[in-house]
Structure formats: structure tokens, C-alpha cells
Amino acid sequence: MNHTPSIGPMFAGDTADHQLTILLDQGPHKHLRAHTVDTDTGRPLHLYSIDLVLWPGHAAISGDLDGFTFKGAPDMLPLLRTATAGDISWSYLAEKVDAGRDNITGFSEHAFHEHIREHVAHDIRDRTAPQGIGRAITAQFLDGWAADSFDTEEAARYALRDFEYEGYEFVDTAEWDLTSYTADFERAVLGIQLVIRLYDRELAARATTQADPAHLGEEAHDRQCLVDEYRGGWVINPATTASIPTGQCPLCGTPTGGLRAWASHMAGHRGEALSWVARWQETHPQAA
């Protein structure tokens with residue numbers, strides 16, 4: 001089913017500056033969060049945050065939107081990446097919904113108005129509609145308050161049955177499909193697409209950083225330096241890892257849930273993280 005999300009432009013504007021925090025990344029087990037950031041400090045604000053949690057056979061999208069759970073492959077990331085790449089496979093994703101099925105589709109005023117326009121335009125071309133039908137249809141269904149007055153499929157179909165203008169009536173409308181994907185489902189799918197795009201961008205940045213640190217910009221170089229600190233022994237040394245507070249970021253308080261996610265998150269703080277590392281090593285000489 002081809003589908004153009006009605007909330008697409010609004011969603012794109014609301015999430016244009018979102019960044020990613022990787023809270024967990026262990027094979028098929030992932031917790032990825034897209035969120036806003038403070039433009040002055042770079043710290044996460046978690047306004048309009050979107051959480052994508054993956055585990056074998058399942059994926060859940062939640063946060064500042066209505067949640068949905070999907071089921072499918074043992075590793076859900078490739079499935080969702082393929083389904084949301086390019087033209088989104090809306091019907092395929094709808095089939096994969098496990099929790100939230102009653103919120104996939106619903107009455108659509110847009111679909112209702114499009115059926116009316118197409119039906120009347122056809123009759124005008126066939127010269128079976130009276131003069132003035134366009135104005136009558138616009139006043140009754142499409143203009144001003146009328147355009148927003150049909151909030152249920154029952155009300156829309158009653159209005160179709162009740163309409164009459166100089167003998168012109170709507171007939172054979174029972175087969176009109178007045179439903180479409182809900183704004184909640186659109187937002188969830190676009191959220192999945194956003195999170196995966198940011199995750200893939202992060203993986204690509206890491207690969208570039210690891211491949212050739214000498215040709216990196218300042219920000220990427222700082223990230224590489226911090227990663228090198230992590231790889232230098234003080235984090236992976238069994239004698240010191242137990243004392244590192246990896247449950248949350250010491251700079252912004254974001255839950256991280258483990259050493260790998262903590263290290264990845266801290267790398268995003270650049271200079272602040274490097275300063276914290278230096279202070280921590282000063283107070284924990286066994287980590288040096």
C-alpha cells in the first residue's frame with residue numbers, strides 16, 4: 001500500500017535536531033534513544049524523546065508517542081532497517097505489529113474528502129452532475145468548519161446518505177474505504193526510521209574514526225582520544241572496572257546500564273568527558 005504520511009512534514013521539523021544516545025548495544029539486544037539536546041551545552045534534554053528497544057523476535061517503540069510492539073526476526077534491526085529504508089513498507093510493518101493493533105488504522109478525513117472529490121469530478125466529466133455541484137459540495141463537506149466536522153466514519157457516511165442537491169445524491173459509497181493509517185502509527189514508524197538512521201550514522205562515524213584518526217576533524221578526534229582512553233586498560237582492567245559508575249552518565253545523569261553503553265555515551269560529551277576521565281583517574285590512581 002502506497003502511503004504518504006499526513007504528519008510527515010511536521011515530524012521532520014520536530015525531529016530535525018535530534019541526536020542519538022545508545023543505552024544498550026549487545027547483538028540483537030539494543031536500546032536506542034533519539035532526543036533533543038541543549039544547544040549550549042550539548043547535553044540531552046529528552047524532549048520529544050523516542051526509544052527503540054530491540055530483543056530477539058521483538059521491537060518496541062515508545063517515548064513521547066503512542067507505543068507499538070513489533071514481532072518478527074531473531075534480530076529485528078535488519079528487518080526494521082529494510083522496511084523503513086526509502087519508501088516505507090507500511091503494510092508490511094502493519095502486519096508485524098504485535099501490541100497496538102487497534103491503533104494501526106482509523107477513520108481518515110483526508111480519505112473521506114478525496115473520495116468525494118474524485119466521485120464528483122467523475123460525474124462532472126460525465127455531465128451527470130448539476131451546475132453548482134462544486135460549490136454545494138465544498139460548502140457541505142470541504143470548506144471551513146465543515147471540513148473538520150466529521151470525526152467518525154459513522155458521521156461521514158450519514159452525511160453522504162443525507163446529502164442532496166437538485167436531485168444529485170451520492171450512491172454506491174458503501175465500498176469507499178474511509179480509513180488510513182493513524183497519526184499514532186505514522187509517528188511510530190517514522191520514529192523507527194529516524195532512530196535507525198541516527199544509529200547507522202553513528203556506526204559510520206565510528207568506522208571512519210577507527211579507520212584514520214589522523215584525518216579527522218576536532219570533534220571526531222576528541223571522540224577517538226576518549227575511545228582510546230577506554231581501550232588503554234583502565235576500563236577493561238578487572239581490578240578497576242567495578243568502581244566505575246557505569247549505571248548512568250556522571251555529566252548529565254542519563255541512564256546507561258552498562259560499561260559499553262556508558263563509554264559510547266560519554267564519548268558524545270567530548271572535552272567534558274575527557275576532563276571527567278582525568279579527574280576520576282586522579283582520585284582513583286589504581287585506574288591509571
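Accessible area is computed here by the Shrake-Rupley method with a 1.4 Å probe. By this definition, the chain in this predicted model exposes about 15,400 Å², of which carbon and sulfur atoms supply 50%. Buried residues make up 43% of the 288 residues in the chain. The fold contains 11 helices and 8 strands. Of the contacts in the chain with a separation of 6 or more, 56% are between residues 24 or more positions apart.

An open sheet is formed by 6 strands in the order 1-2-3-4-5-6, and the pairing is antiparallel. Strand 1 (19-26) and strand 6 (97-99) stand at the edges; each has a single partner strand, so one side of each is left without a neighbour in the sheet. On average, and with direction ignored, neighbouring strands of this sheet are turned by 20° against each other. Strands of a sheet pair through backbone hydrogen bonds, in either a parallel or an antiparallel sense.

Strand 3 (residues 50-55) is joined to strand 4 (residues 58-63) by 6 bridges, and the two run antiparallel. Within this pair, Leu-52 has Ile-61 of strand 4 as its bridge partner. Strand 4 is in turn joined to strand 5 by 4 bridges, again antiparallel, and these two strands form a hairpin with 4 residues between them. Here the bridge partner of Ala-59 is Phe-70 in strand 5. Strand 5 and strand 6 pair over 2 bridges in the antiparallel sense, with Ala-99 of strand 6 as the bridge partner of Thr-69.

Helix 2 (residues 76-84) packs on this sheet and touches strand 2 (29-35), strand 3, strand 4 and strand 5 (68-71). The direction of helix 2 makes about 130° with that of strand 3. Arg-81 is found in helix 2. With a relative accessibility of 29%, Arg-81 counts as partly exposed, because that value lies between the limits of 20% for buried and 50% for exposed. Leaving aside neighbours within four places in sequence, Arg-81 is in contact with Ile-196, Tyr-199 and Asp-200. Arg-81 also lies 7.3 Å from Gln-193, C-alpha to C-alpha, although the two are 112 residues apart in sequence.

Helix 4 (residues 109-125) has 17 residues. From its first C-alpha to its last it reaches 24 Å, close to the 24 Å expected at 1.5 Å a residue. The buried residues of helix 4 are Ala-111, Phe-112, His-113, Ile-116, His-119, Val-120 and Asp-123. An α-helix has 3.6 residues a turn, so residues three or four places apart point the same way. The buried residues of helix 4 pack against strand 7 (105-107), helix 5 (133-142), helix 6 (153-162) and strand 8 (179-181). Helix 4 is followed by Arg-127, whose phi is positive, near 60°.

Helix 4 and helix 5 pack at an angle of about 170°, with their axes 11 Å apart. Helix 4 is therefore roughly antiparallel to helix 5, as angles over 145 degrees are counted in this way. On the side of helix 4, the contact is made by Phe-112, His-113, Ile-116, Arg-117, Val-120 and Ile-124. Helix 5 contributes Ile-133, Ile-137, Phe-141 and Leu-142.

Notes: Residues are numbered from 1 along each chain as its sequence is written. This is a predicted model: local features need pLDDT of at least 70, side-chain atom pairs count only at pLDDT 80 or more; totals for chains, interfaces and linings use all residues. Side-chain values use heavy atoms; hydrogens and water are left out. Two strands pair if DSSP finds at least two bridges between them. Axes are lines fitted to C-alpha atoms, for helices over the stretch in contact, and angles run from 0 to 180 degrees between N-to-C directions. Contact means heavy atoms within 4.5 Å. The expected span of a helix is 1.5 Å times one less than its number of residues. Buried means under 20% relative accessible area, exposed over 50%, partly exposed in between (1.4 Å probe, protein chains only). Angles under 35 degrees count as roughly parallel, over 145 as roughly antiparallel, 65 to 115 as roughly perpendicular and the rest as oblique.
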